[in-house]
Amino acid sequence: MKKVSLVLLGLSLSLSLFGGASNVRATEEEITVAPYGDLQTAEILPSNDSETAESFARSERAAQSASVTYRTHVQDIGWQGWKSNAQVSGTSGKKKRLEAIQLKVKNSPYSGNIEYRTHVQDIGWQAWKKNGQSSGTSGQKKRLEAIQIKLTGQLGQVYDVFYRVHAQEFGWMGWEKGGVPSGTSKYSYRLEAIEVKLVPKKNYATINYSGKISYRDNKTFAGEINYKSVGVPKSMLSNSLKLFKNAKSMNAYADKELKDVNRKAIAYQTYIIRRGLTTIGYTAEFYFPY
């Protein structure tokens with residue numbers, strides 16, 4: 001994929017989850033949120049495609065498609081049946097933890113593996129597993145908290161593996177790909193479900209304005225304040241879920257997120273939150289390339 005300037009992508013604040021630069025939203029508590037400062041973007045979209053990968057992808061679209069299958073070990077249930085191509089594995093509304101997972105790729109004419117590892121309660125990140133091996137624990141009543149999945153070899157040149165998780169308190173998080181962590185850290189929250197799919201490689205030169213962050217680290221940053229303590233509704237914090245006492249602290253946090261290669265955010269807009277004419281704090285909304 002050729003590197004693409006974000007300026008050419010026609011980013012528009014009117015597509016913001018907050019309703020755009022021309023709108024200010026108020027709640028019953030007379031708290032308002034409005035854009036503050038200019039939209040900040042990365043200079044280019046990252047490129048991980050090559051001519052070889054594009055050639056493989058063209059051939060694959062004319063051939064039989066590979067698919068991913070997976071199953072999870074669920075609290076009080078055990079191993080569920082195999083699911084495939086973005087079907088839900090796990091449970092919803094039952095507050096049951098995922099304890100282990102297995103993944104395979106079927107019908108692939110290419111060399112390479114699907115590899116994955118999980119972050120487990122009281123253990124942390126386990127070693128990488130592949131091609132149907134179990135990642136997680138059995139009989140130890142330990143929750144999965146995050147996961148990484150990636151493809152190797154020719155398989156990874158032809159396809160991207162996308163995955164998203166349903167995490168305690170956060171619900172469905174954003175789609176991620178290529179070995180980037182998905183889930184939570186330092187919250188002690190369980191994963192409850194997961195969806196995985198294979199997608200032929202393409203140019204991700206578009207912005208997902210409704211995208212959610214795929215991974216949340218329970219870390220406090222300089223200048224951050226507890227939004228609950230000042231009465232700011234969670235809905236006003238968009239996908240960062242963070243509130244800062246001043247614009248300098250907000251921009252420092254957002255710039256760091258924008259430069260984090262693991263998160264893949266490629267733009268952000270800062271917002272100011274007021275109660276009447278009094279400034280409460282600042283937050284940000286991040287945009288993603290797929």
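I looked up D217 and found a salt bridge to K186, with the closest N and O atoms 3.7 Å apart. I count a salt bridge when a side-chain nitrogen of Lys or Arg is within 4 Å of a carboxyl oxygen of Asp or Glu. The model is predicted, so local features need pLDDT of at least 70 and side-chain atom pairs 80 or more, while totals for chains, interfaces and linings use all residues. Residues are numbered from 1 along each chain as its sequence is written, and side-chain values use heavy atoms, without hydrogens and water.

D217 sits in strand β19, K186 in the loop between β17 (182-185) and β18, 31 residues apart. Strands are DSSP runs (E, at least two residues), numbered from the N terminus. D217 is partly exposed at 29% relative accessible area; K186 is exposed at 58%. My classes are buried under 20%, exposed over 50%, partly exposed in between (1.4 Å probe, protein chains only).

Next I checked K201. Its salt bridge goes to D160, closest N and O atoms 2.8 Å apart. Both residues are buried. Shared partners join D160, K177 and K201 into one network.

Then I took E195, which forms a salt bridge with R164 at 2.8 Å between the closest N and O atoms. E195 lies in strand β18 and R164 in strand β14, so the pair ties together parts 31 residues apart in sequence. E195 is buried at 8% relative accessibility; R164 is partly exposed at 21%. I noted 10 salt bridges in the structure.

Last, I listed contacts of V196 (heavy atoms within 4.5 Å). Beyond neighbours within four places in sequence, they include L103, I149 and V161.

Methods
Helices (H or I, at least four residues) and strands (E, at least two) are DSSP runs, numbered from the N terminus.
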